[in-house]
Amino acid sequence: VFLIEQDGMLVASSTSEHVLRKNAQNFERFQAVESDVPFIRAASSHLGSRFGSLNQLPDHYHANLTIDGQPHFVSVAKLQDPHGLNWTMIVGLPEADVMEQIDANTRSTILLCVIASLIAMGLSIIIARKLAALTQRLELEILERKRAEEALREGEALLNAAGEIARIGGWELDAETRTVRWTRETYRIHEVPESDRVPFDEALNFYHPQDRPLLADDLLQRR
């Protein structure tokens, strides 16, 4: 980084070079193009040949320069204020330094992506195994439920067949909901359509009046 005035005089720089040189009698300033620092000398020469005068320099300017065989990124900006300050600041950075940082960031990004991918793969495997185990359990539960339903249907069919042969009806009561389920033979004996759902109180009416209170109390106490 270095600063120059509009006449090309060097004001300051980030290098160890002094902005004053001693001659035979006193100290004097010098032009930036006379600097011993290759970057300062090359950048100043480029601006002079590119714009002729620093007064023609835009507020911001960027360029790529090759200095001592090394590409550099150069950025130029004007520094002005109402009190008469009118300097130009030139910043240079070797392309190798920039690319080294970019390469380091790229390597870090690739490494992070690889790590993230491995973590994602590991989590996917774990989740897949858990889902497979859950699916297997659900399939077993569904199979067991189907078997239970099939056994229940077979039992009901067997009970209906036995009832029809012996002309004996059967029924069950859900005391909580007071819901009655009849076998097919019970519907036939009482001459009630199988599509009808007989409430508990109406089901008791099919029994002898003297037996109804005893039957109701006995059944409802079995909750």
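Ser35 sits in the loop between strand S4 (27–29) and helix H1, in what is a predicted model, where local features need pLDDT of at least 70, side-chain atom pairs count only at pLDDT 80 or more, and totals for chains, interfaces and linings use all residues. Residues are numbered from 1 along each chain as its sequence is written, and side-chain values use heavy atoms, with hydrogens and water left out. Helices (H or I, at least four residues) and strands (E, at least two) are DSSP runs, numbered from the N terminus.

Is Ser35 buried or exposed? Ser35 counts as buried because its relative accessibility is 1%; buried means under 20% relative accessible area, exposed over 50%, and partly exposed in between (1.4 Å probe, protein chains only). The side chain of Ser35 makes a polar contact of 2.5 Å with the side chain of Glu17, and it also reaches the backbone nitrogen of Val37 at 3.0 Å. A polar contact is a pair of N or O atoms within 3.5 Å; within protein, one must be able to donate a hydrogen and the other to accept it, and residues adjacent in sequence count only if both atoms are side-chain atoms. Not counting residues up to four places away in sequence, Ser35 touches Glu17, Arg21, Phe30, Ile40 and Arg41, where contact means heavy atoms within 4.5 Å.

## Salt bridges

Side chains of opposite charge can pair when their charged atoms come close. Here, a salt bridge is a side-chain nitrogen of Lys or Arg within 4 Å of a carboxyl oxygen of Asp or Glu. How many salt bridges does this rule give? The count comes to three.

Arg21 pairs with Glu17, with the closest N and O atoms 3.5 Å apart, and with Asp36, where that distance is 3.7 Å. Asp36 lies in the loop between S4 and H1 while Arg21 is in strand S3 (residues 20–22), so this pair ties together parts that are 15 residues apart in sequence. Through shared partners, salt bridges join Glu17, Arg21 and Asp36 into one network. Glu17 is buried, with a relative accessible area of 15%, Arg21 is partly exposed at 28%, and Asp36 counts as exposed at 60%.

Another salt bridge joins the side chains of Glu5 and Arg29 (3.3 Å, N to O). Glu5 is in strand S1 and Arg29 in strand S4, so the pair links distant parts of the chain, 24 residues apart. Both ends count as partly exposed: Glu5 has 23% relative accessibility, and Arg29 has 37%.

Gln6 counts as buried, at 18% relative accessibility. What does its side chain meet? The side chains of Gln6 and Thr88 are joined by a polar contact of 3.3 Å, and a polar atom of the Gln6 side chain lies 3.4 Å from the backbone oxygen of Asn86. Leaving aside neighbours within four places in sequence, Gln6 is in contact with Leu54, Asn55, Asn86, Trp87 and Thr88.

## Nonpolar cores

In soluble globular proteins, nonpolar side chains tend to be buried together. A nonpolar core is a set of buried Ala, Val, Leu, Ile, Met, Phe, Trp, Tyr and Cys residues joined through side-chain atoms within 4.5 Å. The largest one in this model has 20 residues, and Phe2, Phe39, Leu47 and Ile90 have the most contacts inside it. The elements that give two or more residues to this core are S1, helix H1 (38–51), S5 and S6. Which element gives the most? H1 does, with five residues.

Ile90 touches residues including Phe2, Phe39, Leu47 and Val74, not counting those up to four places away in sequence. Apart from this core lies another, of nine residues, among them Val180, Tyr187, Phe200 and Ala203.

## Asp68 counts as exposed, at 65% relative accessibility. Although Asp68 is not a glycine, it has a positive phi of about 50°.
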